[in-house]
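This briefing is meant to be read beside the sequence and the coordinates. Please keep both open while working through the points that follow.

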Amino acid sequence: MPIWNNDKELFELTKKELFTALLGDVMDKMGLLHQFLPAIIKPLSPAMVVIGRAMPVIEADIAGEVVENAKNVVLGKPFGLMFEALDDLKEDEVYICNGSSHNYALWGGLMSTRAMKLGAAGTVVNGYTRDTNEILRLGFPTFSVGTYAQDQGPRGKVIDYRVAIEWNGILIHPGDIVFGDRDGVIIIPKDAEKEAFEGAFAKARGEKLVAQALRNGESAVSAFDRYGIM
């Protein structure tokens, strides 16, 4: 029986009780062995945590802010569909973007301001972010490969959004859950979320018993034999 009734309750409980390693351990047991994004993806501040539903975005490298004579009309627009994708964010969604090189920033301060106004949960991008001081001041959960000021304007465009994307062999669908902290970002597929989170909450509560046993002097071997958790 789930201990949450809706996304808001689930996300609040997750922030309070869980961390990504717990979800990863449980999903390994479920046979979902490759759900973490690459280790290079880190939060802008170690204290940042993101959890929400994926709103996937596809970025592509483009030569020029406006591409003349393009067959695809998106290439004739500055930033492509970036503004439309940003404006389409819903409450508790995560802007999660892949597809471009690491030659420019995919996210910045003004984007964070707009996303926060819409109630978005955060952003995870396979590239750089910029306007670091502004984002830190806003406190918007932002995960990336690092910071770099070079703009995407003349270098890249959003070419689609709310479609499935592939990132390092992980297929991310709209509505999958994205959970990230300082140790990594994990993708929980929609059809596995109930089992994964129920298992993670149970493991979190079991780990407290193991921790107490270890503090009391019990050996690691004995504690693992008794609880099956370590």
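Predicted model: local features only at pLDDT ≥ 70, side-chain atom pairs only at ≥ 80, totals over all residues.

A polar contact is here a pair of N or O atoms within 3.5 Å, where, within protein, one atom must be able to donate a hydrogen and the other to accept it.

**S144 and its surroundings**
- The side chain of S144 reaches the backbone oxygen of G146 at 3.0 Å, and S144 itself belongs to strand 7, which covers residues 142-144.
- With a relative accessible area of 3%, S144 is buried, because buried means under 20% relative accessible area.
- Leaving aside residues up to four places away in sequence, S144 touches I40, I41 and K42, and also V125, G127, Y128 and T129.

**Strands 12 and 13**
- Strand 12 (residues 177-181) runs antiparallel to strand 13 and is joined to strand 13 by five bridges, while a hairpin of two residues links strand 12 to strand 13.
- Within this pairing, F179 stands opposite I186 of strand 13.
- Five of the five residues of strand 13 (residues 184-188) are buried, so strand 13 is largely enclosed by the rest of the structure.
- In a regular strand the side chains alternate between the two faces of the sheet.
- In strand 13, G184, I186 and I188 point one way, whereas V185 and I187 point the other way, and all of them are buried.

**Helix 2**
- Helix 2 spans residues 20-29, and its buried residues are T20, L22, L23, G24, V26 and M27.
- After helix 2 comes G31, which has a positive phi, near 90 degrees.

Note on methods
Residues numbered from 1 in each chain as written. Heavy atoms only, no water. Buried < 20%, exposed > 50% of the residue type's maximum accessible area, 1.4 Å probe, protein only. Helix = DSSP H or I, 4+ residues; strand = E, 2+ residues; numbered from the N terminus. Pairing = 2+ DSSP bridges. Contact = heavy atoms within 4.5 Å.
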